[in-house]
Every structure is written in C-alpha cells, then in structure tokens.
Amino acid sequence: MKIARFTHVSEAQYREAMSGREGFLPLEEIPLPKRATAGSAGYDFVSPVDVTIPGGETALIPTGIRAEMEQGWVLMLFPRSSLGFKYSMRLANTVGVIDSDYAYAKNEGHIMVKLRNPLDTPVSIGRGDRFCQGVFLPYGTAEEEDDFAVRTGGFGSTNK
Ligand SMILES: O=c1ccn([C@H]2C[C@H](O)[C@@H](COP(=O)(O)OP(=O)(O)OP(=O)(O)O)O2)c(=O)[nH]1
Ligand SMILES: [Mg+2]
C-alpha cells in the first residue's frame with residue numbers, strides 16, 4: 001500500500017537550515033529515503049553533512065527531506081541498530097514522531113534529526129552515510145475530538 005511520498009525540501013529551505021555549515025551535499029545529491037531490501041520496514045535517511053559528535057554531546061542534522069503522507073499515518077524515526085549497537089547512538093528525543101500535517105508547516109516539513117552520543121568518545125557520521133530510519137505506521141484516534149490547532153511548525157510549535 002502506497003501511503004506516502006518523500007521529496008526534497010526547497011533549495012531555499014535547505015540553505016536556511018544549513019546556514020553556518022560547510023561541505024554539505026547539494027540538495028539534488030541527497031538520495032530520497034530508501035528501504036535497503038524488499039522486506040525492510042525502515043526507510044534509511046542519509047546525512048547530508050560530515051558530523052563528529054563529541055562524547056556526551058548532541059548534533060542536529062537537517063535531512064533535506066519532507067514526507068507527505070495520507071491522514072491516519074505517522075512516520076516514526078528510529079536509530080539504525082548498527083549505530084546503536086556499535087556506539088550506543090540515540091536520538092536526543094528517543095524517537096521522532098513526524099506528523100502528517102508537518103509537511104505543510106512553514107519550514108515545508110523539513111525533517112530534522114537530533115542525535116545524542118551518550119558515550120565519552122567522539123563518533124563521526126560521514127556525508128552520505130545512512131544514519132537513521134523512518135517507519136510508516138497507522139494510528140487510531142479517540143472519539144469526540146475537536147478544537148484542533150493548525151500546525152505551523154514542529155519542536156514545540158503547538159505550545160504557543
Ligand atoms: O525527530 C523529530 C521529531 C519531530 N520533528 C518534527 C515533525 C513533527 O511533526 C513535529 C512535531 O513533533 P512532536 O509533535 O513530536 O513535537 P512537539 O514538541 O509536540 O512539537 P509541536 O508542538 O510542534 O507538535 O516536529 C522532526 O522533524 N524530527
Ligand atoms: Mg506535538
């Protein structure tokens with residue numbers, strides 16, 4: 001069942017997210033997330049930048065990617081087990097929840113990944129390396145919902 005589509009964000013959004021960084025992949029060279037085998041659930045995301053995360057620190061990686069999906073679906077972000085098993089690498093927010101309406105946020109639904117290196121030795125991720133994975137899952141809703149906000153962003157946007 002095809003319920004989603006990955007695209008790149010716009011050049012302007014990508015440049016804004018990458019401001020202050022050097023040596024990042026040109027947007028068109030970032031591969032769209034891909035499942036490694038026909039039976040894989042996880043769409044692997046590639047890092048557009050070289051990043052070294054010192055022990056105990058975090059790093060934010062803008063992916064250049066946007067996901068449009070049908071209502072009733074969510075894209076869950078998880079670490080790849082290879083980085084987790086080798087380096088205990090994790091997402092700073094433990095898992096990522098990418099909502100279906102995020103694609104229409106002001107930042108075009110630019111998927112951001114924040115990694116945390118919990119060990120005391122640095123870990124490097126190379127430009128072009130697959131570093132996390134997204135799994136599409138269906139979700140249910142409770143009765144009698146109303147009074148929704150309109151999503152304009154992420155990362156606490158609905159707190160305001
Ligand atoms: O690792 C992540 C987690 C979230 N998001 C984006 C997509 C998601 O749809 C949005 C909001 O995420 P969430 O609902 O988990 O965070 P929140 O703290 O509740 O923020 P908001 O108030 O914007 O919903 O932020 C990412 O790009 N990467
Ligand atoms: Mg939220």
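Which residue in strand 6 is the bridge partner of Thr 7? In this predicted model, the partner turns out to be Arg 66. Strand 6 itself takes in residues 65-69 and is mostly covered, with five of its five residues buried. Its side chains split into two groups. Ile 65, Ala 67 and Met 69 point one way from the strand, while Arg 66 and Glu 68 point the other way. Both groups are buried, so Arg 66, the bridge partner of Thr 7, comes under the 20% relative accessible area that counts as buried.

One is built from five strands in the order 2-3-12-7-9, with antiparallel pairing. At its edges sit strand 2 (34-35) and strand 9 (96-98), and each of these pairs on one side only.

Strand 5 runs antiparallel to strand 10 (residues 112-116), and five bridges join the two. Within this pairing, Pro 62 faces Met 112 in strand 10.

Between strand 9 and strand 10 there is a loop, and Ser 100 lies in it. Is Ser 100 buried or exposed? Its relative accessibility is 12%, so Ser 100 counts as buried, the cut-off being under 20%. The C-alpha atoms of Ser 100 and Val 74 are 6.1 Å apart, although 26 residues separate them along the chain. Leaving aside neighbours within four places in sequence, Ser 100 is in contact with Met 69, Glu 70, Gln 71, Trp 73 and Tyr 139. Met 69, as it happens, is one of the buried residues of strand 6.

Ser 100 also turns up at the largest pocket, where it is among the residues nearest the centre, along with Gln 71, Asp 101, Tyr 139 and Phe 148. This pocket has a volume of about 480 Å³, and 16 residues line it. Sorted by class, the lining has seven nonpolar, five polar and four charged residues.

Methods. Residues are numbered from 1 along each chain as its sequence is written. Chains are lettered from A and ligands numbered from 1 in the order in which they are written. This is a predicted model: local features need pLDDT of at least 70, side-chain atom pairs count only at pLDDT 80 or more; totals for chains, interfaces and linings use all residues. Side-chain values use heavy atoms; hydrogens and water are left out. Two strands pair if DSSP finds at least two bridges between them. Helices (H or I, at least four residues) and strands (E, at least two) are DSSP runs, numbered from the N terminus. Buried means under 20% relative accessible area, exposed over 50%, partly exposed in between (1.4 Å probe, protein chains only). Contact means heavy atoms within 4.5 Å. On a 1 Å grid over the protein atoms alone, a cavity is a set of points where a 1.4 Å probe fits but cannot get out, and a pocket is an open set with protein on both sides within 12 Å along at least five of seven lines; lining residues have an atom within 4 Å of a point. Grid points are joined across faces, edges and corners, and a volume is the space filled by probe spheres set on the points. Ala, Val, Leu, Ile, Met, Phe, Trp, Tyr, Cys and Pro count as nonpolar, Asp, Glu, Lys and Arg as charged, and the others, Gly among them, as polar.
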